[in-house]
Structures are given as C-alpha cells and as structure tokens.
Amino acid sequence: MDAEKDKPHVEKSPSFDSKTTMDDDSEKDKPLPEKSPTDITDTDTKTEPEKDNVNDNENDKDRDLPDDDDNGVKNPSSPKSPSDAADPNSENALDSEIKEEKEKEDEEEEEKPALPPDLHKIVEEIDQFIAQLIDDTTGPPDLPISVEQFVVLMEAKIEDYDSVDTPVKWGQLSAEDSSSFLENVNRVSSLSKNLSKFSSDYKYAYSINRVGGVLQRLMSYVEEEFKSLLEDYKIQDSDPSNNKNGDTKPPKQSPPNQDSDQNPPPESDAADQEHNIISGYSDEILSDLIKLSDAMIAGGYETECFQAYLVARRNALEERLHQLGFQKHSMDEVHKMQWESLEREIESWIKIFKQVATVYFPNERKLSDSVFSNHSSFSETLFGSLAYNVTIQLLNFAEAVGLTKRAQEKLFKFIDTYEALRDTVPEMDALFAEEWLVELKTEASIIRSRLGEAMILIFNELENSIRGDSAKNQVPGGAVHPLTKYTMNYLEFASSYRTTLEQVFREHQKIERADSATGSEYDYTSQAQNVSSGSEAVKQSPFQAQIIKVMDLMDANVEARSKLYKDPSLSSIFMMNNGRYILKKIRGSSELNALMGDTWYRKKSSDLRQYHKGYQRETWGKLLSCLTQEGLTVNGKVMKPVLKERFKSFNAMFDEIHKTQSNWVVGDEQLQSELRVSISNMVIPAYRSFLGRYAQTFTPGRQTEKYVKYQAEDIETYIDELFDGTATPMGRKKP
C-alpha cells in the first residue's frame, strides 16, 4: 500500500464507499525512504579511505606518544585531543549530506499533486460549493480544489464502469453502488448546470470544460444502460402469448458474476413480482429505469432519454404486432390482393386492433407513467407519440381496405372494420392527451365515413344487379331462383348488422341532406313512401327503406321470370317456391322480420295463397272436369261410351300430370306437403265417389281393367310422388 500511495495519480476505486484517507500526521510519521544498494555502496566507498587515514594517524601518534604505563596513568576513556580523534569535518559533511537528501525528498513530496482526502469530505465540499453557486448574491465563489478532486474520482469511476475490456453492466452493481453512483451523477449534473452560469468568467472556463466532459461520459454510460434495460423486454418476452394482460415475463435474472443461490428470493415475493410486471418489466427493472431516466433528465439529456425510450418501446410494440400476425402493407399491395387473402388480413387486423387498443396501450401507458413518474407531462407526451404512430400504422390498413374496389361480398368485412373503429377508438379516450385524441378520432372518423360510403354504394350495386338480371333462362322444375337465394341470404346476413347499418345510412343521409337541401338519390324516406303507406313511411328508417326497396325489386324480378314458363301451373309453382323461400327467410331472422313488418308479411302470404289456388285451378280443376256427372246419363241410363271416354280422359290426364309434375321441384318440405295434401283432398274424394258410382257399369274382367286404371289408393300414392324433381315411370296400378 505504501508504494501505491507514492504514485502521483489516484488509483481507480472499486466503489465510491472505499476511503482513501491521507492524514497530515501520517505524512509526517512516514519513514524515510531507504537508499538503494547502489547508494549504500557509493557511500561506503566514499568514506572508507577516510577511515583508513584516521587509523594510520592514530597508529603514528601511538608510536610517538609515551606509554601511559610509563606515566603510571591509564585513562582509556578520557577525551582525545583533536589530533588523537577522527576528523570532525568528515562527520559533519556526512550529516549535512543526509540532511540535504531528506530535505530534497521532502521538496519532491511537496511538489507532487495532493492526493484527494476522504470521498465523504469531498462530497460535502462539493455540495457546499454548489449551494454557493446557487446563492449567487455574494458573487462568484472561488473554485475549491475539491472540484478537481471530485472530477478525477468520477473520471476514474466511469473508466472502470465503461471499460472496453471488462465493462460493468447495471445489473452487476449492488444496490448500494448503483445508488451511490447515481447520487454522484446527479451531483455532477448540478455542478455543471450551476457552473455554466459563470461561463463568461475566465477562471471557471477550465472547470466548466472538465465537468462537462465528465458529465457527457457519465450520461453516455447511463443512456446505454437505460437502453439495455429497456431492451430486456425482447430477451424476456420473445415468444407470443395468448395471455390477455401480457404478463409473461419472469423477474430480472441475476447477473452472471453474482451467486443467485446466496440470497434466493422467497417464493411468495417472486410470485408477487411476476404478478406486478408491466409490459414485460419486473418491479426491479422498473425501479432502475425510473432512476436512470431521472438522472438523464436532471442532467439535461432528456432528448436522448426520450429517443432511447421511444425507439426501444416502438421496437417492442412492432415485434408484438408481428407476433400477432400483423404485416405492413402499402395501399397498392392491399388493392392488388385477392379477396380471399384480404379477407383473412381484415379478420386478423380486427383482432390485433382491438387487442392493441384494449391491452397493449393501457399497459404501455402504465409503463410510461411508471418510468417517468416524476415527470407526468413527459410521460403523456411519450406515450402519445408512441401510441399515435402505432395507431396510424393500423389505421392506414383500414383506410386502404375502404378504398378497394367495391363488391357485394366485401360488405360484411367493411361492416366489421367499421364496427372495430367505432367501438375501439373510444376506449382509448382515457389514455391519450386531448391533442393526440382529437387527431386520432378525426382520422378514424374519416376512414369510417369512407367505409360507410362504400357500404351505401354496395347496396346500390345490389339494386342494379337485380334490375340488370334479365336472363331468359328458366329455372328447371320451377325451383327457387338463384338470385332469390342470393338476395335473401345477403339481406338476412345484412340485417344481423342492423344497428350498424342503421347508423351508416342515417349518417350518410345527413351528409346528403347537408350537401343538397332538395334531396338526392339517397333520400330513402321519400322512396319509402312509394313502397308503403304514408303512415308507415314516417317510421321507416333509411336502412329499412333500403331493404324494402331491394325486396320489391326482387319480387318484380321473380314475377317477370315466372312469365317465362308457358305452363301456368309451373309458373304458379315457381312463384310459390320463391315466395315461400322469401317468407321463410324473413320469419327465420328476427331483425329482417322487424324490418319488413307484419303488414308486408301478411300481404306476401296472401299472394302465395292466390298462387296456390291458381295452380289447383289450372292443373287439378281440368282433371276433375272428367269426373262430373253431366252428360253421363240419358233418361236415367248411363251412357257407356261417354263413361268410357271419361275414364280414358282421366287416366291420360292424370298420367301426364304425374309424369310432368314429378319433375317439378318444391324444395320446401312444408310447402310440398301442403300441396300434396290439398291435391289429395281435392282429387281423391271426387275420384272415389265417381268410381263407386260408375265402376260397376263395366263388365268385370278385361273391360274393367281397361278403363278403371287406378283405384283411389293408387291416386293418393302417385300424388305423393309429385314435386320430387325426379320422374317415376308410370306402370299399372300398384297392388
């Protein structure tokens, strides 16, 4: 240790709590430095001749002096005369040389820079000096030597921590060391800030530069450790999680050079710490982030602090978005996507947008409020900037979707996107400051308007497609027309979004009315007056009027197509099939039923009954004319030839009906059953009665079999084969 104290520069201390005490008394009691072997040899060599000369002189004098025994006196201890003793000048010269050498060493020691006294003493002096700088009423104080000593110590410390070979990471520092380090960093910041007030004073220039340089190095280290802690999010939460709260990160791990088994945390404490994780950071890391951010802001490095925070958290959020499945697409890329691919992207976007707004943004706000808990305005600004950019990135996709080419199949994904914007954006009200929130709501409102306009135009295109469907092809068997199926399924699905579509049409109507006081093509109230009574028109919403308009267009289309059938009976079957399909769809959807209303439903049901009667009249009415009694008897006698002709006509006509109408299609089981029952009730009683009255007229045997082809049970069996869509070969009567 003595050798280290003799060094002209201060050695780096392992921590700020180690003392380097150099008391003045210890300096005085410090032993003289030993002479090197060379010095000793030179001295001995120099003094040896002198000793020989003295001995020679003494021997000569002994020979010249009389013997003491001769004088009878023996005084060996008596002082010798100058001629008898060693040369006093030689001894004085030696003493003088030693004294001069000691004085020279003392002068050299005084010329060395004074080593710093105790760190605590330096800190006290620095704090007193800072207080003097703050209280500048007395004028600029003199610079104490403790300023230079303090700067030297801080330089040594940052060189130790920020070493290229063995850097000290923040997690490796003990709580005591990290606290002491930050206290002194703040002290350097305060010293630099207050010294700068006297920058015009020449005597402060050197110290201002020195302190500023050290502060810059300290802040560089603090910034890097701040970034490193922020990036721990990536290390600890790299895997996607379905946990809604995102609390998946373990507590901060022990650094490699610390023995984690020495003081293992209690299980309950570890569980509590993991439970309190915010956006992937444990309470321990949050505490460190708060301290480091406070130090940077106090040192005037808030810009670097904010930039580091924004970059780290933006990267973390973008990584999370990528894990959730979100990909950035340009407007052009979205427009070129196949609908199946875009549909999947929209579904993914809706889930991500909701999760980001309701889970990640609240956690992100908690994080910024925690890290900048002592600077609430900074927290609000940082979160606003971070979340705003992420939200705009998400909104850009929704905007691109709204600007894609309109198509009827896109309506429902447009509605889903519209609802996600409408319902999710308000949930962010409490997170954003007013200026950020206004911009986001404005942007979201514009996108919603574009989506709403696209929905209105899609309904217009639906109308045009119904009007333009003028194909002359008949639907085989009078089955439900594909356009009827498509339109009803479309309207049924659309009605499930009734609340949203009511809002869209109402908002659009307001816009149209604002644009033109005289109305427009979207004036649905006036359109409703054309399709319903005046009393109901007032109650109809714009969306309801739109649905009724589409229904009326479809009815007109079906009726026009029914005229393509030359057979009036088949035309009636076609109308019944389509009408029953429409009514069934309406009854099956509470929303669609409410939109159409009971009045419309009753009218449609009445129309179906008329088609049913028309069918019975056209088909079975002619058949029953063969079973009338008129013209069969003359003077009470049955005219056998006429009776034979009647049975032949009935058989031929029934065979034709069975052959033809077995190919006809009635897909609705209830309607099919109703038709068969009504036919049976109409035909079988009349046939059974006719057969019972006139069958005995024929001679039993071949004549009866020739003219009485069917029994009543056979007729019922064949009626049950009608409307299956597959013809059954007619044979002889069934046993």
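Select Glu399 and Arg450 and show their side chains: the two side chains make a polar contact at 2.4 Å. The model on screen is a predicted one. Glu399 belongs to helix α16, which spans residues 376–402. Is Glu399 buried or exposed? Its relative accessible area is 16%, and because buried means under 20%, Glu399 is buried. Now display what surrounds Glu399. Apart from neighbours within four places in sequence, Glu399 is in contact with Met331, Glu443, Ile447 and Arg450.

Next, select Leu310. This residue is in helix α13. With a relative accessible area of 17%, Leu310 is buried. Which residues does Leu310 touch, once neighbours within four places in sequence are left aside? They are Leu382, Ser385 and Leu386. Draw a line between the C-alpha atoms of Leu310 and Leu382: the distance is 7.0 Å, while the two residues are 72 residues apart in sequence.

Stay with helix α13, which covers residues 302–324, and pick Phe306.

The whole structure holds 32 aromatic pairs. In one of them, the ring centres of Tyr161 and Phe181 are 5.1 Å apart and the ring planes meet at 45°, so this pair is tilted. Tyr161 sits in helix α7 (residues 145–161) and Phe181 in helix α8 (residues 175–195); the pair links distant parts of the chain, 20 residues apart. Tyr161 and Phe181 are both buried. Go back to Phe306 and Phe372 for comparison. Their ring centres are 5.9 Å apart and their planes stand at 75°, so the pair is edge-to-face.

For a group of rings, select Phe412, Phe459, Tyr486, Tyr490, Phe493, Tyr497, Phe505 and Phe543, which form one aromatic cluster. Ile456 is in helix α18, residues 434–468. Its relative accessibility is 0%, so Ile456 counts as buried.

Now switch to a cartoon view and colour two helices. Two packed helices are described by the angle between their axes and the distance between the axes. Helix α12 (residues 283–298) and helix α15 (residues 339–371) have axes that come within 8 Å and cross at roughly 55°. Which residues make the contact? From α12 they are Leu286, Leu289, Ile290 and Ser293, and from α15 they are Leu367, Ser370 and Val371. Sorted by class, this contact of α12 with α15 has five nonpolar residues, two polar ones and no charged ones.

The last stop is Phe723, in the segment after α29 (712–719). Look at the backbone here. Most residues other than glycine have a negative phi. Phe723 is not a glycine, yet its phi is positive, at about 65°. Is Phe723 buried or exposed? With 1% relative accessibility, Phe723 counts as buried.

Conventions: Residues are numbered from 1 along each chain as its sequence is written. This is a predicted model: local features need pLDDT of at least 70, side-chain atom pairs count only at pLDDT 80 or more; totals for chains, interfaces and linings use all residues. Side-chain values use heavy atoms; hydrogens and water are left out. Axes are lines fitted to C-alpha atoms, for helices over the stretch in contact, and angles run from 0 to 180 degrees between N-to-C directions. Helices (H or I, at least four residues) and strands (E, at least two) are DSSP runs, numbered from the N terminus. Contact means heavy atoms within 4.5 Å. Ala, Val, Leu, Ile, Met, Phe, Trp, Tyr, Cys and Pro count as nonpolar, Asp, Glu, Lys and Arg as charged, and the others, Gly among them, as polar. Buried means under 20% relative accessible area, exposed over 50%, partly exposed in between (1.4 Å probe, protein chains only). A polar contact is a pair of N or O atoms within 3.5 Å; within protein, one must be able to donate a hydrogen and the other to accept it, and residues adjacent in sequence count only if both atoms are side-chain atoms. Rings of Phe, Tyr and Trp (its six-membered ring) pair if their centres lie within 6.5 Å; planes under 30 degrees apart count as stacked, over 60 as edge-to-face and the rest as tilted.
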